[in-house]
Amino acid sequence: MLFQQIARNKRKTVGIMGLFVIILALVGAGLGYLFSDRPVLGLIIAVIFSIIYMLIVLPNPANMVMSLNHAQEVHEQDNPELWHVVEDMALVGQVPMPRVFIIADPSPNAFATGRDPNHSAVAVTQGLLDMMNREELEGVLGHEISHIRNYDILVSTIAAVLVGVISYLSGIASRYIWWIDDDRDRDDNNGGSIIVIFKVIAILFVLILGPICASLAQMALSRNREYLADASSVELTRNPQGLISALEKIDGSAPMKKADPSSAGMYIEDPLRKRRSFTHLFDSHPPTADRIKRLEKM
């Protein structure tokens, strides 16, 4: 059951990332069609923007994310118990020791970030350290080390870049939509009608549907990676009860005071405690009850 769930979640991730690429391509092609009647040109521009944005974000995302969340780096002498649990989980997970940070917040939570296992970091709140026993702390940090081992930290960074590029392209279209050359619409009636229909479809997708679809894909990706990290944590600790107990405590706690909204999807549980949507499509995390049910079956 454990390894089947891990394999299934990995396949879902590949499918969602493929969907991201398709959405980006359609938005770029739609933009190119609207402004120059050349979809390929828009597609090329979308790819170029993605590469530039990636080069800006990828060199050192950990420092940026930690700064946004007011996290302070610690070393072994500062908190030996935390350090040794992280060290143990990294050893079992066969990844390099990540940098360790503490966030001065009474709400229990944790997240991992970075570019890859060699440039990674984990952060826990003071509330998590105060509330969790050793078994629960191992479950949470096993989850975060799993994010590093499974390259979730890279996947989430790439997803954020793609969503950012799609939103940027949509913003460009919304500002300059009235500058579109309408000469194409003045052809013969049949041809002109078809062009108008294509233009309306392109406008709807570039301005509305593209960004919404990208956000939905990002949320689905985040939820799927949380399930994968839960299963991988059990693989590392061989003890689902530790993570189950930790999730129950985190779920019943108050929201964090200064969590960065753009980083909310990285935490083990939503730090803002936003109201869950009825369909769960826009939820960044799967329902805790569902996560616990899956863990109980392992």
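The legends below describe an overview and several close-up views of a predicted model.

Residues are numbered from 1 along each chain as its sequence is written, and side-chain values use heavy atoms, with hydrogens and water left out. Because the model is predicted, local features need pLDDT of at least 70 and side-chain atom pairs count only at pLDDT 80 or more, whereas totals for chains, interfaces and linings use all residues.

**Figure 1. Overview of the protein, with its secondary structure and confidence.** The secondary structure comes to 10 helices and 4 strands, where helices (H or I, at least four residues) and strands (E, at least two) are DSSP runs numbered from the N terminus. Along the sequence these elements follow the pattern α-α-α-β-α-β-β-β-α-α-α-α-α-α. Of the 298 residues, 51% are buried; here buried means under 20% relative accessible area, exposed means over 50%, and partly exposed lies in between, with a 1.4 Å probe and protein chains only. The mean pLDDT, the predictor's confidence in each residue on a scale from 0 to 100, is 84, and 88% of the residues reach 70 or more. Confidence is lowest in helix H1 (residues 2-36), with a mean of 76, and highest in strand E2 (residues 99-103), with 97.

**Figure 2. Close-up of a nonpolar surface patch that includes Ile48.** Val40, Ile44, Ile48, Ile52, Tyr53 and Ile56 form this patch, and together they have about 570 Å² of accessible area, as given by the Shrake-Rupley method with a 1.4 Å probe, in which only the protein chains shown count as cover for residues. Patches are made of residues with over 30% relative accessible area and no salt bridge, like charges being joined within 9 Å and nonpolar side chains (Val, Leu, Ile, Met, Phe, Trp, Tyr) within 5 Å. Ile48 lies in helix H2 (residues 39-57) and, at 44% relative accessibility, counts as partly exposed.

**Figure 3. Close-up of the aromatic pair Phe49 and Tyr168.** Rings of Phe, Tyr and Trp (its six-membered ring) pair if their centres lie within 6.5 Å, and planes under 30 degrees apart count as stacked, over 60 as edge-to-face and the rest as tilted. By this rule the count comes to 2 aromatic pairs. In one of them, Phe49 and Tyr168, the ring centres are 5.2 Å apart and the planes are at 45 degrees, so the pair is tilted. The two residues belong to distant parts of the chain, Phe49 to helix H2 and Tyr168 to helix H7 (residues 152-176), 119 residues apart. Phe49 is partly exposed at 30% relative accessible area, as is Tyr168 at 41%.

Figure 4. A salt bridge is a side-chain nitrogen of Lys or Arg within 4 Å of a carboxyl oxygen of Asp or Glu, and a search of the whole structure finds 10 of them. Arg99 and Glu73 form one in which the closest N and O atoms are 3.2 Å apart; this pair links distant parts of the chain, with Arg99 in strand E2 and Glu73 in strand E1 (residues 71-74), 26 residues apart. Arg99 counts as partly exposed at 31% relative accessibility, and Glu73 likewise at 34%. Glu136 and Lys249 meet in another salt bridge, at 2.9 Å from N to O. Glu136 lies in helix H6 (residues 134-149) and Lys249 in helix H9 (residues 240-251), so this pair ties together parts that are 113 residues apart in sequence. Glu136 is buried, with a relative accessible area of 3%, whereas Lys249, at 30%, counts as partly exposed.

Figure 5. The side chains of Arg291 and Glu226 meet in a salt bridge, at 3.5 Å from N to O, which links helix H10 to helix H8 (residues 189-237) across 65 residues of sequence. Both Arg291 and Glu226 are buried, and salt bridges that share partners join Glu226, Asp230, Glu269 and Arg291 into one network. In helix H10 (residues 288-296), Thr288, Arg291, Ile292 and Leu295 are buried. These four residues cover an arc of only 95 degrees around the axis, which puts them on the same side of H10; the arc is that of the directions from the helix axis to the C-beta atoms. An α-helix has 3.6 residues a turn, so residues three or four places apart point the same way.
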